[in-house]
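Hello,

Here is the structure I said I would pass on. My notes follow below it.

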Amino acid sequence: MALHLIKLCVGIDTVEELVAWRARRRAELEAAGLPPYGRHLTRNTPRRAEEILGSGGSLYWVIRREIRVRQRIHAIEPATDHEGRACCALVFEPELVRVIPRSHRPFQGWRYLEGADAPADLPAYESGESAEMPEEMRRELRSLGLL
């Protein structure tokens, strides 16, 4: 069974904003000659890091009180923050995978998310980047059982 992490995506209001932010960051990394992996620095290292990496774990992002997207975790490694303090870097694969939205209350930091409790990926016909339906409309249609 996979083990994942879940975290609030602070400052981002839509999946599209996160996609655009990650694309800009990936371009900056590639221009600097670095690998295109995104990183998130966090104060605490997950004690179950080996289990997360060994099971193909992802970080599920909570956007506007809903779990909406995930990124596969590539590595969990020691790092140093901008103030010189030791911290942990969660290193992500570049691909963002939309999931079936699920409400989630706010919390601080990250939490473990068992594989059985993780939302499923959206079907390809709903999650394509070329989908023109606004997220709010998609959410309403899903609540009515039409998607």
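**Strand pairing**

His40 stands opposite Leu90, a residue of strand β5. Helices (H or I, at least four residues) and strands (E, at least two) are DSSP runs, numbered from the N terminus. This is a predicted model, in which local features need pLDDT of at least 70 and side-chain atom pairs count only at pLDDT 80 or more, while totals for chains, interfaces and linings use all residues. Residues are numbered from 1 along each chain as its sequence is written, and side-chain values use heavy atoms, with hydrogens and water left out.

Strand β2 (residues 38-42) runs antiparallel to β5 (residues 86-103), with five bridges joining them; two strands pair if DSSP finds at least two bridges between them. β5 also pairs with β4 (residues 66-80), again antiparallel, over 12 bridges. There, Leu90 is the bridge partner of Ile76. β4 and β5 make a hairpin with five residues between them, and Gly84 in the turn has a positive phi of about 85 degrees.

**Nonpolar cores**

A nonpolar core is a set of buried (under 20% relative accessible area, 1.4 Å probe, protein chains only) Ala, Val, Leu, Ile, Met, Phe, Trp, Tyr and Cys residues joined through side-chain atoms within 4.5 Å. The largest one has 19 residues, and Leu18, Trp61 and Ile63 touch the most other members. β5 gives the largest share of this core, four residues.

Leaving aside neighbours within four places in sequence, Leu18 is in contact (heavy atoms within 4.5 Å) with Cys9, Ile12, Trp61, Ile63, Val69 and Leu96. Apart from this core lies another, of eight residues, including Ile6 and Leu113.

Regards

Terms used
Buried means under 20% relative accessible area, exposed over 50%, partly exposed in between (1.4 Å probe, protein chains only).
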